[in-house]
Amino acid sequence: MSDHRTRVLFVCIGNSCRSQMAEAFARALGGDVMIPASAGLAPGWGIAPDTIRAMDEKSIVLRDHFPKSLRNLARIRFDLVVNMSQRPLPLEAPARLVEWEIPDPIGMKFEEHCEVRDEIERKVVELIEELRREVHPPQFRGQGSGYVPL
């Protein structure tokens, strides 16, 4: 049986904050409609401690995650690429490219880091809802007293 979920790649600069949070939220909340991954243009050495701490507050564990480069995922075909780097991506044109203007939390205070996390969570939830509508579009039930299956 083929998997009809959307393959989504979240990209930021270091793959140590924004794209890791987006991938984690997507896995936790939208596994029924997407297969998420993340990468960075210039991967960092590890996941930022404030990112791990911020996601722990949401009961999402990132301790075993690690930054990856686009090259690590070059052989995978993605249906959607979400770019949070605010830089052009060195990718062949994906089926769909979406730009998210989300500030890089590196160097921010922890509270600001959490605000970025919450913004990413909202955007990921919106994306999940959009993908669910595509999979299960609303059906017109006609007029009258209601739909009665035969």
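What covers the buried residues of H2? Keep in mind that this is a predicted model, then select helix H1 (18-30) and helix H3 (110-135), which are both included in that cover. Now show helix H2 itself, residues 49-56: Thr 51, Ile 52, Ala 54 and Met 55 are its buried residues. Look down the axis of H2 and you'll find them within an arc of 165 degrees, so they line one face of the helix.

Next stop, the cysteines. Select Cys 12 and Cys 17: their sulfurs are 6.9 Å apart, too far for a bond. Cys 12 is buried at 3% relative accessible area, and Cys 17 is buried too, at 2%. The structure has zero disulfides.

Now for the charged side chains. There are 11 salt bridges in the whole structure. Pick Asp 32 and Arg 132, whose closest N and O atoms are 2.8 Å apart. Asp 32 sits in the loop between H1 and strand S2 (34-40) and Arg 132 in helix H3, so this pair ties together parts 100 residues apart in sequence.

Move on to Lys 58 and Asp 118, a salt bridge at 3.9 Å, N to O. Lys 58 is in the loop between H2 and strand S3 (80-83), while Asp 118 is in helix H3, 60 residues apart.

Then select Glu 130 and Arg 96, with 2.7 Å between the closest N and O atoms of their salt bridge. Glu 130 belongs to helix H3 and Arg 96 to the loop between S3 and strand S4 (97-99), so the pair ties together parts 34 residues apart in sequence. To finish, highlight Glu 57, Lys 58, Arg 117, Asp 118 and Glu 121: salt bridges with shared partners join them into one network.

How values were computed:
Residues numbered from 1 in each chain as written. Predicted model: local features only at pLDDT ≥ 70, side-chain atom pairs only at ≥ 80, totals over all residues. Heavy atoms only, no water. Buried < 20%, exposed > 50% of the residue type's maximum accessible area, 1.4 Å probe, protein only. Helix = DSSP H or I, 4+ residues; strand = E, 2+ residues; numbered from the N terminus. Arc of directions from axis to C-beta. Contact = heavy atoms within 4.5 Å. Disulfide = S-S within 2.5 Å. Salt bridge = Lys/Arg side-chain N within 4 Å of Asp/Glu carboxyl O.
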